[in-house]
Amino acid sequence: MKTVVCLLVVLLVISQLCLGAEFNESMFKKVSVIFRSYHGDIHLIPEAVQSAMKHIPLALSYTLVVLEPDYDLFYKTFHDSFSHVYNDSRFKLVAEKKLVKDDRMQQKLSKMMADTYCRGKYILHVDSDMVFRRTVLPSDVSFNGKPLLFFQDVNLMKLDFALLWPQGTSTAIGRETT
């Protein structure tokens, strides 16, 4: 399988793939690329967005979701320094209300609400620290015409913070997860 240089790419299926449609190059015109970021990644996100626009050129839209308090910082950065991105009709900067105290849980909620921020039938979640280095092909995000879900088993991670994600999920669904 070809890999895209990234920490995490998740393709969520919103409609037709659930019904068995094959993912092919023309489907990229139905893909919304979404980024969820915060002020600490302001130095990373412009490169991530620009690389997605360059290497997923057929995408329907590129959406950057930030919390309301961070909106002005992101607006100023994109409007002033990356106007070619900001002025692209496919780019949208969204200010999101903070719904929970836990920032990790807020990020999960943002991703779960992605379909309210994007208009694509398919949503490609991209982390702020990801940079595409080549064109994304249908085979990068699908296998035998079906979407791939990239993940890393939390039990294989050697990082202490990895254990915080299951706790956030447990809180969200009201029962213990592993």
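In which helix do Tyr71 and Tyr75 both lie, and how many residues apart? Both sit in helix α2, four residues apart, about one turn of the helix. The model is predicted, so to speak of local features takes a pLDDT of at least 70, side-chain atom pairs count only at pLDDT 80 or more, and totals for chains, interfaces and linings use all residues. Residues are numbered from 1 along each chain as its sequence is written, and side-chain values use heavy atoms, with hydrogens and water left out.

Helices here are DSSP runs (H or I, at least four residues), numbered from the N terminus. Helix α1 covers residues 45-55 and helix α2 residues 68-81; their axes come within 11 Å and cross at roughly 55°. On the α1 side, the contact (heavy atoms within 4.5 Å) is made by Ile45, Pro46 and Val49, and on the α2 side by Phe74, Thr77 and Phe78. Sorted by class, that gives five nonpolar residues, one polar and no charged ones.

Then there are the rings, which pair if their centres lie within 6.5 Å. The count comes to five aromatic pairs. Tyr71 and Tyr75 form a stacked one (planes under 30 degrees apart), at 6.2 Å centre to centre and 20° between the planes. Tyr71 has 23% relative accessibility and Tyr75 30%, so both count as partly exposed (between the limits of under 20% for buried and over 50% for exposed, with a 1.4 Å probe and protein chains only). Ring pairs also link Tyr71 and Tyr75 with Phe78, Phe82, Tyr86 and Phe91 into a cluster.

Key: Axes fitted to C-alpha atoms, helices over the stretch in contact; angles between N-to-C directions. Helix = DSSP H or I, 4+ residues; strand = E, 2+ residues; numbered from the N terminus. Nonpolar A, V, L, I, M, F, W, Y, C, P; charged D, E, K, R; others polar. Phe/Tyr/Trp six-rings, centres within 6.5 Å; stacked < 30°, edge-to-face > 60°.
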